[in-house]
Protein chains: 2
Amino acid sequence: MSDNTAMVIFQPSGRRGEVPKGINLIEASRRLGVEIESPCGEKKVCGKCKVRIEEGFFQKYGIESSRSHLSPWQEEEEKFFTAKERDQGYRLACVAKVEGDVLVFVPEEARAGKQVVSKAARDIHIDLNPAVKTYYVEVEKPTFEDPTGDFERVCRELERQFGLSGLRADIHALRALPDALRQGDWKITVSVWMDQEIIRVKPGMHGAHYGLAIDVGTTTVAGYLCDLTSKEVIDTVSLMNPQCKYGEDVMARITYHMTTPGGLKQMSDDIIEGLNWLIDQAVAGTHPPKKKIKNDKGEEVEVEVPEEGRTYLRLSRDDIEDITIGCNTAMHHILLQLNPEYVGHAPFPPVVHHSLDIKARDLGLKVNPSAYVFVLPNEAGFVGADNVGVLIAEEPYKSDEIQLIIDIGTNGELVLGNKHKLISSSCATGPALEGAQITFGMRAAPGAIERIEIDPETHEVDYKVIGRDAWRSYSKPEEMKARGICGSAILDVLAELYRAGVITKSGVFNKKNQKSKRFRRNPETRQPEFVLAWAEETAIGKDIVITQRDVRQIQLAKAALYAGCKLMCRRMGVQQLDKVKIAGAFGTHVDRKKALIMGLFPDCDLDKVEAVGNAAGDGCRVALLNREKRIEANWVARNVEYIELTVENDFQQEFMEAMQIPHMTDKFPHLKGLVPDEILNQ
Amino acid sequence: MSDNTAMVIFQPSGRRGEVPKGINLIEASRRLGVEIESPCGEKKVCGKCKVRIEEGFFQKYGIESSRSHLSPWQEEEEKFFTAKERDQGYRLACVAKVEGDVLVFVPEEARAGKQVVSKAARDIHIDLNPAVKTYYVEVEKPTFEDPTGDFERVCRELERQFGLSGLRADIHALRALPDALRQGDWKITVSVWMDQEIIRVKPGMHGAHYGLAIDVGTTTVAGYLCDLTSKEVIDTVSLMNPQCKYGEDVMARITYHMTTPGGLKQMSDDIIEGLNWLIDQAVAGTHPPKKKIKNDKGEEVEVEVPEEGRTYLRLSRDDIEDITIGCNTAMHHILLQLNPEYVGHAPFPPVVHHSLDIKARDLGLKVNPSAYVFVLPNEAGFVGADNVGVLIAEEPYKSDEIQLIIDIGTNGELVLGNKHKLISSSCATGPALEGAQITFGMRAAPGAIERIEIDPETHEVDYKVIGRDAWRSYSKPEEMKARGICGSAILDVLAELYRAGVITKSGVFNKKNQKSKRFRRNPETRQPEFVLAWAEETAIGKDIVITQRDVRQIQLAKAALYAGCKLMCRRMGVQQLDKVKIAGAFGTHVDRKKALIMGLFPDCDLDKVEAVGNAAGDGCRVALLNREKRIEANWVARNVEYIELTVENDFQQEFMEAMQIPHMTDKFPHLKGLVPDEILNQ
């Protein structure tokens with residue numbers, strides 16, 4: 001690194017690069033393809049470009065980030081920050097100039113491109129029987145003859161009308177009770193958790209009530225705001241797991257805990273902060289958007305801009321009365337501040353398997369103060385509550401068919417079996433399939449390339465970006481505004497590069513068979529790369545490419561999954577799969593055909609392959625809407641046999657072989673017709 | 001008030017008076033008989049004399065107290081206070097000079113004379129069956145064959161050995177589990193609440209565990225630190241209820257809530273702060289005292305000074321694994337931040353009758369983070385959980401005898417009946433019998449006069465002070481160091497003044513019958529008063545007197561109790577009491593004979609009168625040590641009939657008559673022989 005440049009890394013996108021010293025962080029973000037809000041045009045007056053500078057040595061990037069590596073604090077920043085924020089390292093990106101290496105966290109509210117997650121949560125059948133139910137009662141006023149207290153008065157009526165007996169009340173609900181009764185003229189709506197505890201009282205009659213199902217992944221977090229009365233998914237919200245800065249996979253985070261005093265609490269605080277942001281987003285989505293206008297006096301005021309014909313629920317945090325959380329065992333332990341150290345060491349025992357009911361307030365989650373969080377149970381050290389979520393959503397234990405369920409995440413989780421027996425295992429796929437560790441990888445946000453097709457004849461690339469319906473081939477270049485590649489396109493790209501003959505079965509660029517100038521050596525690094533989108537089609541002003549290193553990352557991830565599937569089939573003695581289900585946060589976008597071509601799983605009739613979307617998230621939603629499924633979750637967590645694949649014979653051998661893209665038609669008969677014969681026969 | 005003086009009021013003692021402007025608060029406290037720690041002799045170097053200045057208008061005293069009524073903050077104070085303490089109005093009493101009216105709160109640690117409460121908690125029979133029990137288990141290490149998680153591993157053993165099934169774990173206990181198991185080499189001691197929830201894990205084997213029973217009175221708070229294994233009371237600790245500054249009786253506090261935004265939270269925070277101080281005291285008492293010495297280098301260091309032959313438990317806050325709390329309904333509601341407004345209005349319904357199990361952390365109590373607080377149930381708006389405590393300690397519902405139980409506190413609570421029927425009621429005695437609102441009233445602390453006798457022949461006074469075994473008649477005047485009169489002496493003094501003929505049956509000083517210069521008119525106010533201790537016998541440099549107003553206050557209190565007892569007997573049709581039990585924080589010190597003479601209750605054979613001490617506190621202790629009594633408490637709370645006395649016919653009439661000290665031998669035959677005939681026949 002020259003004396004005149006410094007390394008700047010933006011979180012949570014992970015975008016990084018050397019920039020000239022002396023430029024401000026807004027300029028640095030532009031050069032690195034990160035968009036930070038700056039409505040005032042860097043005039044230092046709007047305060048929208050707040051970013052946080054992380055302090056410390058970050059092994060993963062090999063840099064020492066320090067707040068002192070920026071130009072000094074300026075008076076203009078004073079009014080936008082509290083003393084606490086200043087202590088935490090917040091700066092205005094338009095003011096702070098780069099003077100050395102820095103790791104910059106861009107809070108969600110400062111990000112110009114908001115993440116897009118498919119709202120179409122899958123329409124799976126769920127019997128409605130939520131943990132939290134509401135009851136409307138009218139009670140008699142107290143008199144001298146019957147001066148019975150408020151709580152007993154309400155309980156008497158709840159027992160008489162609904163058969164609920166032996167109820168207790170959370171202290172916060174009890175505090176609200178006397179005034180709610182009198183405001184409602186002795187008519188109230190009571191929310192009861194598990195027929196045991198009153199967690200909310202509201203004056204008068206209220207129909208709907210709400211809950212949030214959250215799937216906490218190692219890399220991404222998704223939340224489903226649900227109506228507990230109608231089962232409807234009102235909104236889906238998501239964010240990057242803010243712990244990514246401590247390392248991208250679970251082992252890196254466990255290591256961070258073991259090497260950093262206070263590291264566990266720090267990581268837990270970060271995800272809780274993230275979940276609170278998620279909750280705020282879910283709640284904000286039920287209100288009309290706001291816009292700033294000038295009033296008669298020329299003052300700037302905020303007004304609501306409701307969409308025509310739409311009604312808004314206008315929820316508050318208090319309206320979220322139940323939460324379910326699913327995550328892998330390491331994320332589970334870190335979130336709950338349970339020591340994750342032993343999960344990382346053989347024989348990998350978790351602190352707890354069983355589901356937990358914890359008051360949201362005890363975790364620092366800001367929803368209804370009396371609400372519980374239901375944390376799904378863990379199967380084993382490396383197959384966690386997220387997999388249990390997949391299982392209660394897909395219910396392979398009720399099926400005759402032999403199913404293979406592949407849950408793609410930073411850790412891949414596999415389940416194989418049917419109602420007679422189920423085994424599970426885990427493979428370290430790393431976050432490549434989710435867009436991390438890929439040069440132009442990014443989240444599913446506007447501008448992300450989400451589908452890719454490569455013409456075998458010309459090697460021309462067609463693609464689609466999030467936020468624009470028309471594909472590249474039907475658009476003008478400047479209309480595309482591509483910014484990077486997200487998960488679903490990363491699954492596409494390996495299959496397409498192979499099918500078009502751009503790369504060989506071993507994953508190296510086929511230098512003899514290049515048909516366009518898209519294949520080239522990088523002018524700086526001299527490494528081979530393939531251009532997916534030209535600079536003129538992007539919003540970042542440079543070519544979006546896939547490098548040899550990127551291809552290797554994807555191969556490593558898919559090899560881990562493939563080897564895992566194969567070893568599990570061998571362990572179970574399964575020759576033929578009746579069903580293959582591909583799950584993952586971007587699961588519904590998966591192109592089954594391309595997944596088969598790249599060799600994500602053993603050969604199978606395409607008709608038997610199904611993309612089931614974020615089944616872990618579905619499982620959280622199922623547990624939110626049906627309390628019986630919580631019992632089922634605990635049963636299944638203790639009745640799936642966990643297989644530690646890395647100690648199987650041949651694991652290394654299988655893994656190395658699986659790095660190749662499948663080509664032999666005898667092993668993959670179903671590839672016939674999907675890939676040109678000349679490629680298959682290479 | 002002259003321009004040169006200002007009113008200074010010290011809390012919690014309530015001592016008040018005008019002092020010259022310009023003197024510091026230490027000097028003011030000396031003049032008003034309050035002792036503030038000042039080991040450095042006002043050299044501003046020890047920081048022991050920290051006091052807090054209350055801000056606002058205090059109706060009760062008719063003064064506006066302000067931090068600006070003191071000399072400005074000095075640099076010397078800086079190092080003794082945090083920024084937060086400074087904001088809260090803390091000052092050094094040796095630095096801050098009086099420049100206007102101030103209400104000064106003297107924290108316990110700055111008070112030179114610590115309260116003394118009889119440690120001899122009554123030896124009542126309690127079957128040991130605490131809510132929290134400990135279990136020692138040894139578990140197998142996890143292996144590849146059995147990688148079951150830590151929690152399930154422990155539960156398996158608890159079920160196998162002790163039959164405990166379906167256990168859950170508090171999140172804090174769960175957090176401690178993995179390291180406790182490994183530190184203890186897979187042997188641990190587990191504390192389980194109500195056979196349901198693991199609330200603590202400790203590596204290895206631990207025998208004893210501890211709990212705290214707390215009686216929260218309107219004026220005084222008493223805590224009993226108990227060994228949950230041996231039932232032993234390890235220590236008794238007490239403090240003044242810090243809410244006294246908002247008003248002395250429950251109605252004043254309810255009014256404060258209704259007139260002051262945020263007042264409820266403020267009062268709740270104050271009592272919680274007080275309870276945390278109480279917990280600290282209980283814990284500190286299990287460590288050797290400390291003393292400051294100079295080491296070889298001449299530096300001041302703190303060393304432990306263990307008493308010879310004594311072993312110390314050396315407990316920490318975490319060692320308190322259970323708490324029970326009893327208090328009257330208003331204190332109950334204020335402590336829990338339940339709106340107390342409706343308790344103050346007919347028909348006085350409480351928010352809740354039933355007992356509550358609340359996590360100590362949810363109330364801000366700093367004990368074991370997973371511990372529960374059991375709050376005793378309320379009978380009615382004016383007969384609270386404290387009375388339930390009295391009932392489960394005394395068990396009149398198991399007796400054939402008709403018992404009258406009088407619980408003397410700021411609110412007097414009465415129970416009458418036997419196993420067939422029990423009725424209860426409440427009377428507004430005010431805090432006079434506890435030493436408040438009496439000119440020289442004070443807490444039971446060293447220097448407090450606790451017993452009084454007056455010679456009918458000479459009107460000479462003999463008395464005993466707390467902290468000195470010898471009575472006045474066996475001591476030199478300067479040895480007595482009296483500072484005021486506490487509750488038990490206040491009960492004595494009315495009977496003695498009457499028996500000696502100093503006052504008449506109507507409570508006025510009998511000007512015709514004065515035999516000593518102790519009776520006089522106050523040189524300033526010209527009001528009649530009687531000197532109990534001469535200035536030379538005191539530590540406050542002035543005569544300790546009882547005034548006509550003091551006598552009236554005591555009469556009002558005793559009249560409320562007497563009228564209540566009489567109306568209840570009439571309601572039940574009871575002619576003859578089989579038993580009279582006098583309870584109260586100072587109950588064991590009550591002289592039954594004098595209580596009869598002053599007319600605290602209807603006439604009764606002295607043999608049938610029993611002083612049962614702090615029965616409410618005993619009830620809290622009973623509930624701490626026996627979980628079955630918690631169920632009994634809920635039963636009794638809903639099966640005692642509450643009588644609202646103030647709406648009874650004749651209440652005013654009975655109350656007025658009861659102001660008199662009993663004298664007619666036909667109504668009080670048992671007075672015969674206790675009081676000279678010439679007095680009785682007046």
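1. Salt bridges first: across all chains of this predicted model, a search of the whole structure turns up 102 of them. A few are worth a look on your screen, and the points below take them chain by chain.

2. In chain A, start with Arg468(A) and Glu479(A), whose side chains form a salt bridge with an N to O distance of 2.8 Å. Arg468(A) sits in the loop between β24 (461-465) and α10 (477-480), while Glu479(A) belongs to helix α10 itself, so the pair ties together parts that are 11 residues apart in sequence. Arg468(A) is partly exposed at 22% relative accessible area, and Glu479(A) is also classed as partly exposed, at 32%.

3. Next comes Glu537(A) with Arg472(A), where the closest N and O atoms of the salt bridge are 3.3 Å apart. This pair links distant parts of the chain, 65 residues apart: Glu537(A) is in the loop between β27 (528-533) and β28 (544-547), and Arg472(A) is in the loop between β24 and α10. Why do we call Glu537(A) buried? Because its relative accessible area is 2%, under the 20% cut-off. Arg472(A) counts as buried too, with 18%.

4. Chain A also holds a network of salt bridges, which joins Arg451(A), Glu453(A), Asp492(A), Glu496(A), Arg499(A), Asp591(A) and Lys594(A).

5. Over in chain B, the side chains of Arg314(B) and Glu304(B) meet in a salt bridge at 2.9 Å, N to O. The two are 10 residues apart, with Arg314(B) in the loop between β16 (300-304) and β17 and Glu304(B) in strand β16. Both ends are partly exposed: Arg314(B) has a relative accessible area of 42%, and Glu304(B) one of 36%.

6. Do stop at Ser426(B), in strand β22 (residues 422-427) of chain B. This serine is buried, at 14% relative accessibility. What does its side chain make a polar contact with? The partner is the side chain of Asn411(B), at 3.3 Å. Beyond its sequence neighbours up to four places away, the residues Ser426(B) touches include Val383(B), Gly412(B), Glu413(B), Tyr642(B) and Leu645(B).

7. Finally, helix α15 (residues 628-637) of chain B is mostly covered, with 7 of its 10 residues buried.

Key
Residues numbered from 1 in each chain as written. Chains lettered and ligands numbered in written order. Predicted model: local features only at pLDDT ≥ 70, side-chain atom pairs only at ≥ 80, totals over all residues. Heavy atoms only, no water. Buried < 20%, exposed > 50% of the residue type's maximum accessible area, 1.4 Å probe, protein only. Helix = DSSP H or I, 4+ residues; strand = E, 2+ residues; numbered from the N terminus. Polar contact = N/O pair within 3.5 Å; in protein donor to acceptor, adjacent residues only side chain to side chain. Contact = heavy atoms within 4.5 Å. Salt bridge = Lys/Arg side-chain N within 4 Å of Asp/Glu carboxyl O.
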